[in-house]
Structures are given as structure tokens and as C-alpha cells.
Amino acid sequence: MMHQTIKRDGVETIGNPHLSLEGINKKYGLVEVISNLNLEVRKGELIALLGPSGCGKTTTLRMIAGLIAPSAGKIAVGGRDVTHIAPHGRDMGLVFQSYALFPHMTVAKNVAFGLEMRGLSRADIANKVAKALAMVQLGHLAERKPRELSGGQQQRVALARALVIEPSILLLDEPLSNLDAKLRDEMRTQIRDIQQELGITTVFVTHDQVEALSMCDRIVVMKGGLIEQVGTPHEIYERPTTPFVASFVGRTNRVKGKRTGDGCIRIGSSMIRSARPAVQDDVMVMVRPHRIHVDWSAASTERQGETQNRMAAVLSRITFVGDVIQYHFDVGGTEFIVEESTKKSQASRRQGDEAVLSWSVEDTLVFGADQ
Amino acid sequence: MTTATFDMPVGAQKPSSTAGIAVALLLPIALVNAIGFILPVFNLARMSFNEALPGGGIAEAFTAANWTGLLQDSFYIELILNSIMVSLGITFATLLASYPIALYLHRASGAWRTFLTVLVISPLLTSAVVRTYGWIALLAEQGPVANVIAAMGFQPPRMMFNTTGVVIGLTEILMPYMILSLMAGFGRLDPKVEEAARTLGATPFRTFWRVILPLTLPGIALGCLLCFVLAISSFITLKLMGGGRVFLLATEIYDQAIVTLNWPLAATLSMLVLIIFGAALAVYSRVLRMIEG
């Protein structure tokens, strides 16, 4: 499974990767936290390592930075094998989740640190620090200590400190998770803009699918130390290759079904079709809530078309979220959630209303039940 | 109606009564300190202005003769400077020996850390006398340390009944205090900050020099203050390891008070030690302000 993914999205499509991880394995004692991880990142690409906590994404990032050594495998940057190079020789900028600013230094000194380690002249350092701070709009706070700054400002200092050394790779470890929602949105745009402007190859670790989908060129979905899928945000969302990816990225309804002889899938008493054929007799069918259309006036589900799946349902609960309304339907004992943008006409819907749910065959994701 | 009762706890509406409770709670310890510490110190200060008579007599007087005599006597000037230098040397040696241990303990975790911390504290559970005799056995002329040095083909130096012995003994005895102080002051040292320095291109040495050391300075200052004060006032180890041949302030105070029976001079020397403590404290708070600023 994993090797196929890599072949399609990795080795075959990338000619000359800037960062490559080959057969990376990490064990702590007997526990294998990363198993045979293969990944290639293009120059200038922003790639997300996305997964729940404990999936190995931060471990992978720390191995790229050189803070921990892989148990096996090879890490190369621009063709150079860096597997056994200490972190200070790797030329990477790392932004920590907790920012890890030097508390005893001013903002300017924090940003200057990496340049001083590289032995630049005082004038060069002052110049570059001023530019880096201007880039994150913090020039006016240069002489403050980190503790005098807000979380968002500290985060920007950490970003400036990592970028000012013009690293070959920028590594971001959940950089936005300690910020409040509004600031997070702003920083998302700001980080993406800066990344694009500098054309810097960036690896972004996150557990937040919205961050991964909205900011990144490609997403690596990880689970239990393995890569589940690598692809563009569109591919990950529209064509998830595993049920884990389908349910982790975006929300989804899931229902068990059985393959029938004519290539259809039986769910309770209904028959539906999927774009990709089922590979097993027992299958898991997934449909995204906002891809389902509700027809309140349809009397029957008989007209099962070639391109649409239809199922009768009974409304069991309504959740009003403001810009979105969620209908919880009972479909032969299984709950289906349907999302619609809010409209005034929805006010008349009541529990127990009957409707026909329909969705495109294209939107029907089908997986083996034991996957 | 109900909101009014939620506005403020009942006690808070009467600030005078909370202040009264605070005074009542502080009173016992204040009394103990006044009777057990401040009063004797005043006594001592008063004693240092009395006149010493030959044969151990004390004449009630108000003379600065003890003070002026002390500060004009080159023996005492040297004794004071010596005491300060030896104590500083012990403090520095203790710091060097304790710092790596404290840093390792700070980074250790779980049961291993607990075990090691207990190990560090355990010497405090044995008396300094016992530990000093242990050192005497180790450092004696035909002792194991001397034998090892001799076996390596060197002439073993004298390590007992001289300043070397005092420094070695006190350094080991003070190490637990230093380690605990260092660990208490290492709070700001986040491993992530060290990692940040490494990824920014700092070698391990420069990471230590530019990041770890500055962030551990508060712990260093605290440990040094504590060890300096303990070193300059330590008596048993000095007496036993020095074998009566190392003269420092603590032994001199003892000799003047017990042997020569010159209590006014002993009181003056004691007050001097107190003044040195005050100076050390002033330096400490100055250093701390510098670090924090």
C-alpha cells in the first residue's frame, strides 16, 4: 500500500528532490515509532506532515533537523547525505511549537544568534536582522525580551529567527497550535506568503487538517508511524486511498455495505454504486456530509440513476451551527449527517420528516471493511 | 439580592481583620526569631565592644579597641583574607564538581531522576563528622588515594592536615547543597531552547556558552552564595581535616572563645563573619539583578 503511494506521488513524479527520506526507521527500545518511511520533497515546496498525536510526524521532523538519529535509513538534502551530520551542520531553520526563544536575549539578539554562529560581520548581522524583523512586522520590538511579547509576536520572532539564516529547509513543528483562532488564520496566510516569497522548501507538522489543506502544496497523512497517503490537498480530500485518510481529513459519513454480483453495493435494502469498484465483499462506504443533497418532496428512491445514489431517510436531529446546518438522518439504522448552508426555508424542518438523500456516484468512497 | 453575596467573600470586606489574622499567624515565628536569633546577635555585637581582661575576664565597657586592634593586626587581616579566599576556592571547586551532575539530573526523568536525587541528598543524612573521618581515612599518608598516586609512579602530595585536605573535604560535603541549589535555579533551562540553538548552527560548546550557562546563572549564583556562607562558617571539617594547622576564621573564633577565653575578640570576629555574609548577600542580589535585567 505504502510503496504504491510513494511510487505514484514520490519517486516517479519528482525528478530531483531537495529533501529525501529513504527507508527511515526509528525504534525506541522495542517500539517502532517510524517504519520504513520514504518521502521526497521538491525544492520550494510546502509539505505538511499531517496526523493524530503519536503518528510519528514530530519524530520525523526531528530526524530531519538532526535532533534525533534514525535507527535506519538515509536523509539527504540537495543530494547530500546528512543522516550523520549534527544539527548545527545541517543548515535548517526550525520553529518549535513552544517557540523556544532564548529568554535571556532581546528579540534582535534572538534573531541574530544564527548569524553570529555563522561568523557574519556586525554590519551584515544588523542589516539582516532588521530585514527579517521587518518581514514579520516586528521591527519596533527589536529591543524587547521575549517574555514581554504576546504569543503571536513570539511566534513571529521564532519564524524570523529560523528564516534569517536562509536555511536550505524550513521546519515548522505545529507552529500555530498555541495561538487563538483568529491569530491562527492570520499567521496561516502570513507563513504561506513568506514561504512563497522566499521559495523556501518547508516541512510543516500539524494535526490540524484545515492548516494542511489550506496552506500546503502536498500533504503526507501519517498514522502509527506509517505514511497513509501522499498527495495534493485536492487528492487527499477527494480521493483518499484509505478509510483513515477519508475520516481524518474532512468529515465523513461511514456505513457498512456488501458487494453484490453486478458491481453494486447493498446497504440495508438500498443499492448504490461507487466510482471505484469494491475490492472485497464486505465494504465500508463513506460520503462527505456536504456532498449529499436532500430532496424533501421525493416520494420514492426507485429512480436509481447511473450517476446518482439515492436512499430514503428520516430526519432525527437538527444542529444549527450558524453558517451551516447539520441534519442527522436515520438511514435504516445508520446515522447519516448532511450539511447545508443555512437558508430561511430550513426553519420548517421537524424531527421525523421524511426525505430522499442523493449524492453523486463520484462522491461515493468505498473501502474494504477490514482496511 | 443573591448577586450581592457572590460579589465578595465575607472576610474580604474587612481588611483590618485579615491583617489581624496575618499578624497573629506571623507572631510565633517572629518571637522565636527575636529571642533565638536577633537578641543573641545584639548580645554578640554588644560583647564586641567590651574590654577583654587578661586571664579571661570581661570588663563592661564601650570601646572600639577590639575592632581597631583587629583591623590593624596583620595576622588577622591575613586570616580574614585567607578565609575568604579558601571559601571562594571551595565554592568554585564545589560548583565545578556539582554543575555537570545538576545538569544531568535536570535532564533525567522518571524513576531514574528520583533515584539519583535521593543519592545526591543521602550524604546530608550522615553527619559531617562521619564524612570527614571518611576523608581522613582516604587521604591519610598511607591511605588509598596516596597509594594509587604512588602506584602510578608519582610522589603523593600531602593531602591531610593542610588546606588541600580542608578544600577536598568541604567540597564534597557541600556538593549536595550546591546540586540542589543549581537544580532549583535551572527552571528556565528548557531543552527545546538548547535544541533551537543547535539547529541555528551553534556547536555543543557554543550552545553551552551562549545559552545553557546564561540560563543557569541564577542557580549558580544561589549555589555559590549558599556554599560560600557554609564554607566560611564551617568548623568541624576545618578542625579535623586541618589538624590544627590550618587557621581560618571559624577555628580562630573557637580558639579565642574556648582556649584564650577572649570573648570580646571572639565576638568581634563573629560579627566580622556576619558582615562578610552581608557582603556576600549584597553581591548575590546585585548579580541576580544583572542576570534578570
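Figure 1. The expected span is 1.5 Å times one less than the number of residues. Helices (H or I, at least four residues) and strands (E, at least two) are DSSP runs, numbered from the N terminus. This is a predicted model, in which local features need pLDDT of at least 70 and side-chain atom pairs count only at pLDDT 80 or more, while totals for chains, interfaces and linings use all residues. Residues are numbered from 1 along each chain as its sequence is written, chains are lettered from A and ligands numbered from 1 in the order in which they are written, and side-chain values use heavy atoms, with hydrogens and water left out.

**Figure 2. Buried residues of H5(B)**. B:Leu116, B:Thr117 and B:Val120 are buried in this helix. Seen down the axis of H5(B), its buried residues fall within an arc of 105 degrees, so they line one face of the helix. The arc is that of the directions from the helix axis to the C-beta atoms. On the other side of H5(B), B:Ala111 and B:Val118 are exposed. Buried means under 20% relative accessible area, exposed over 50%, and partly exposed in between (1.4 Å probe, protein chains only). The buried residues of H5(B) pack against helix H4 (74-107) and helix H8 (163-185) of chain B. Contact means heavy atoms within 4.5 Å.

**Figure 3. Helix H6 of chain B and its N-terminal cap**. The twelve residues of H6 (residues 128-139) of chain B should span 16 Å at 1.5 Å a residue; the end C-alpha atoms are 16 Å apart, which agrees. Buried in H6(B) are B:Arg131, B:Thr132, B:Trp135, B:Ile136 and B:Leu139. They cover an arc of only 150 degrees around the axis, which puts them on the same side of H6(B). The buried residues of H6(B) pack against H7, H8 and helix H11 (236-242) of chain B. B:Ser127 caps the N-terminal end of H6(B), with a side-chain oxygen 3.0 Å from the backbone nitrogen of B:Val129. A polar contact is a pair of N or O atoms within 3.5 Å; within protein, one must be able to donate a hydrogen and the other to accept it, and residues adjacent in sequence count only if both atoms are side-chain atoms.

**Figure 4. B:Thr268 in helix H13 of chain B**. H13 covers residues 263-292. B:Thr268 is buried, at a relative accessible area of 0%. Its side chain reaches the backbone oxygen of B:Pro264 at 2.7 Å. B:Thr268 also touches B:Ser48, B:Asn66, B:Trp67 and B:Leu70, not counting residues up to four places away in sequence.

**Figure 5. Aromatic pairs in chains A and B**. Over all chains, the structure holds 14 aromatic pairs. The rings of A:Trp296 and A:Tyr327 have their centres 5.3 Å apart and their planes at 80 degrees, so the pair is edge-to-face. Rings of Phe, Tyr and Trp (its six-membered ring) pair if their centres lie within 6.5 Å; planes under 30 degrees apart count as stacked, over 60 as edge-to-face and the rest as tilted. This pair links distant parts of the chain, 31 residues apart: A:Trp296 is in the loop between strand E15 (293-295) and strand E16 (308-320) of chain A, and A:Tyr327 is in strand E17 (residues 324-331). A:Tyr327 is buried, with a relative accessible area of 0%. B:Tyr99 and B:Phe208 also form an edge-to-face pair, 5.8 Å centre to centre, with 90 degrees between the planes. B:Tyr99 in helix H4 and B:Phe208 in helix H10 (residues 204-233) of chain B are 109 residues apart. B:Tyr99 counts as buried at 8% relative accessibility, whereas B:Phe208 is partly exposed at 25%. A:Trp296, A:Tyr327 and A:Phe329 form one aromatic cluster.

**Figure 6. Charges over tyrosine rings in chain A**. The charged end of A:Lys26 sits over the ring of A:Tyr28, 5.0 Å from its centre. A:Arg288 lies over the face of A:Tyr237, at 4.0 Å from the ring centre. A charge sits over a ring if NZ of Lys or CZ of Arg is within 6 Å of the ring centre and within 35 degrees of the ring normal.
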